[in-house]
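Hello,

Here is the structure I promised to pass on to you. Have a look at it first, and then read on for what turned up in it.

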Amino acid sequence: MIDRVEKCVEEGIRKGWDVGWFVKEDWNDKQLWEIKLGLEIGSDVSIYAKKEFDQKQMMMIRWGLADKLDVSRYANSKIDWRSMQVVRLRLREKLLKEKEG
C-alpha cells in the first residue's frame, strides 16, 4: 500500500513540482494537503512549509499568498490562525481599496 507521502511525491513528479517539500518533515495529512494546494497554484510554499505551523496557519498564509498579500505581516507561528485571518482580511480589504483607486 502506498502511503500519503508517496502519493504526493508521485503526483508532484507528474506535475513537475519540487517534491522535496513532501519529504522534508514528518507532516500530518492536513499539513501535506496545504503544501500540495500551494504547489498546485504556484505559491512559494517555503514561507509556510514549516513544522511550527499547524494546518490552519498554513492555510491562512496560503490564502494570503494567493491574494498576493504581504504575508510577512502574519506568517509567525506564535500568531494563532484566527488572528492571522483577521490580519489577512484587513490586508485584503486594503489591497482591494487601493485597486479601486
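A word on terms before anything else: helices (H or I, at least four residues) and strands (E, at least two) are DSSP runs, numbered from the N terminus. Residue numbers start from 1 along each chain as its sequence is written. Please keep in mind that this is a predicted model, in which local features need pLDDT of at least 70 and side-chain atom pairs count only at pLDDT 80 or more, while totals for chains, interfaces and linings use all residues; side-chain values use heavy atoms, with hydrogens and water left out.

The overall picture

The protein chain has five helices and zero strands, giving the pattern α-α-α-α-α along the sequence. Its C-alpha trace spans about 50 × 30 × 15 Å along the principal axes. Of the 101 residues, 39% count as buried, where buried means under 20% relative accessible area, exposed over 50%, and partly exposed in between (1.4 Å probe, protein chains only).

In soluble globular proteins, nonpolar side chains tend to be buried together. Here the largest nonpolar core has 26 residues, of which Phe22, Ile35, Leu39, Tyr48, Ile61 and Tyr74 touch the most other members. Helix 1 (4-15), helix 2 (20-23), helix 3 (29-40), helix 4 and helix 5 each supply at least two residues of this core, and helix 4 gives the most, with five residues. A nonpolar core is a set of buried Ala, Val, Leu, Ile, Met, Phe, Trp, Tyr and Cys residues joined through side-chain atoms within 4.5 Å.

Helix 1

Helix 1 has 12 residues and reaches 17 Å from its first C-alpha to its last, close to the 16 Å expected at 1.5 Å a residue; the expected span is 1.5 Å times one less than the number of residues. Its buried residues are Val5, Cys8, Val9, Glu11 and Gly12. Seen down the axis of helix 1, these fall within an arc of 170°, so they line one face of the helix. The arc is that of the directions from the helix axis to the C-beta atoms. The buried residues of helix 1 pack against helix 2 and helix 3, with contact meaning heavy atoms within 4.5 Å. The face turned away from the buried side carries the exposed residues Lys7, Ile13 and Arg14. Just after helix 1, Gly16 takes a positive phi of about 80°.

Helix 3

Ile35 touches Trp21, Phe22, Trp27, Val45, Tyr48, Ala49 and Met58, not counting residues up to four places away in sequence. Lys36 is also in helix 3, and is buried with a relative accessible area of 14%. Leaving aside neighbours within four places in sequence, Lys36 is in contact with Glu11, Trp17 and Phe22. The C-alpha atoms of Lys36 and Cys8 are separated by 7.3 Å, although the two are 28 residues apart along the chain. Gln31, found in helix 3 as well, is buried with a relative accessible area of 5%.

Most residues other than glycine have a negative phi. Lys68 has a positive phi of about 60° although it is not a glycine. Lys68 lies in the loop between helix 4 (55-66) and helix 5 (81-100), and is exposed, with a relative accessible area of 71%.

The 20 residues of helix 5 should span 28 Å at 1.5 Å a residue, and the end C-alpha atoms are 28 Å apart, which agrees. Which residues of helix 5 are buried? They are Trp81, Met84, Arg88 and Leu91. Seen down the axis of helix 5, its buried residues fall within an arc of 85°, so they line one face of the helix. Helix 4 is included in what covers them. Turned away from that buried side are the exposed residues Arg82, Arg90, Lys97 and Glu100.

Arg88 is buried, with a relative accessible area of 6%. Leaving aside neighbours within four places in sequence, Arg88 is in contact with Met60, Trp63, Gly64, Asp67, Leu69 and Tyr74. Just after helix 5, Gly101 takes a positive phi of about 115°.

Enjoy exploring it!
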